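Here's a quick walk through one protein model, from overall fold down to charged side chains. Have a look at the chain before reading on.

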Amino acid sequence: MALRVGRHTFSYATYDAPSDVLYAAIDGLPRGSREPTPEEHLWRFDEEGRFVGITFMNPRAQMEREGAVYVTLPTGERVRAAGAESLVRSA
């Protein structure tokens, strides 16, 4: 299932229910660096510094608290992760 976050579409998305972690990447699990978001998720960057994915930490808890899964992008805009709720609920 694809996940849409702002103008980014992540074709790879999987949810680990026991850990409450959702992995979203443009193409498979990204290698490279990570940086925390204000929501305590992790932005993922490849070796060249391109934004390639997000690791959502505790998305089920955020859904229960805020009604949806949100993340602040590297550009500063806070957006809803469209499709995240379906992935979490289906687990």
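Predicted model: local features only at pLDDT ≥ 70, side-chain atom pairs only at ≥ 80, totals over all residues.

The protein chain has 2 helices and 9 strands, and along the sequence they run β-β-β-β-β-β-β-α-β-β-α. With a radius of gyration of 12 Å, close to the 12 Å that the globule rule gives for 91 residues, the chain is as compact as a globular protein of that length. Its C-alpha trace spans about 35 × 25 × 20 Å along the principal axes.

Among contacts with a separation of 6 or more, 45% come from residues 24 or more positions apart. The chain exposes about 5100 Å², with carbon and sulfur atoms supplying 47% of that.

Now the charges. There are 11 positive and 13 negative side chains, and the centres of the two sets lie 3 Å apart. The structure holds 6 salt bridges, including these:

| Salt bridge | Closest N to O |
|---|---|
| Glutamate 39 – arginine 78 | 3.1 Å |
| Glutamate 48 – arginine 50 | 2.7 Å |

The glutamate 39 – arginine 78 pair links distant parts of the chain: glutamate 39 sits in the loop between β5 (33-36) and β6 (42-45), while arginine 78 is in strand β9 (residues 78-82), 39 residues apart. Glutamate 39 is buried at 16% relative accessibility, whereas arginine 78 is partly exposed at 44%.

Aspartate 46 is buried at 11% relative accessibility, but glutamate 48 is exposed at 56%. Elsewhere, salt bridges with shared partners tie Glu39, Arg65, Glu66 and Arg78 into one network.

Notes:
Residues numbered from 1 in each chain as written. Heavy atoms only, no water. Helix = DSSP H or I, 4+ residues; strand = E, 2+ residues; numbered from the N terminus. Rg over C-alpha atoms; globule rule 2.2 N^0.38 Å. Contact = heavy atoms within 4.5 Å. Areas by Shrake-Rupley, 256 points an atom, 1.4 Å probe, with all protein chains shown as cover. Lys, Arg positive; Asp, Glu negative; His and termini not counted. Charge placed at Lys NZ, Arg CZ, Asp CG, Glu CD. Salt bridge = Lys/Arg side-chain N within 4 Å of Asp/Glu carboxyl O. Buried < 20%, exposed > 50% of the residue type's maximum accessible area, 1.4 Å probe, protein only.
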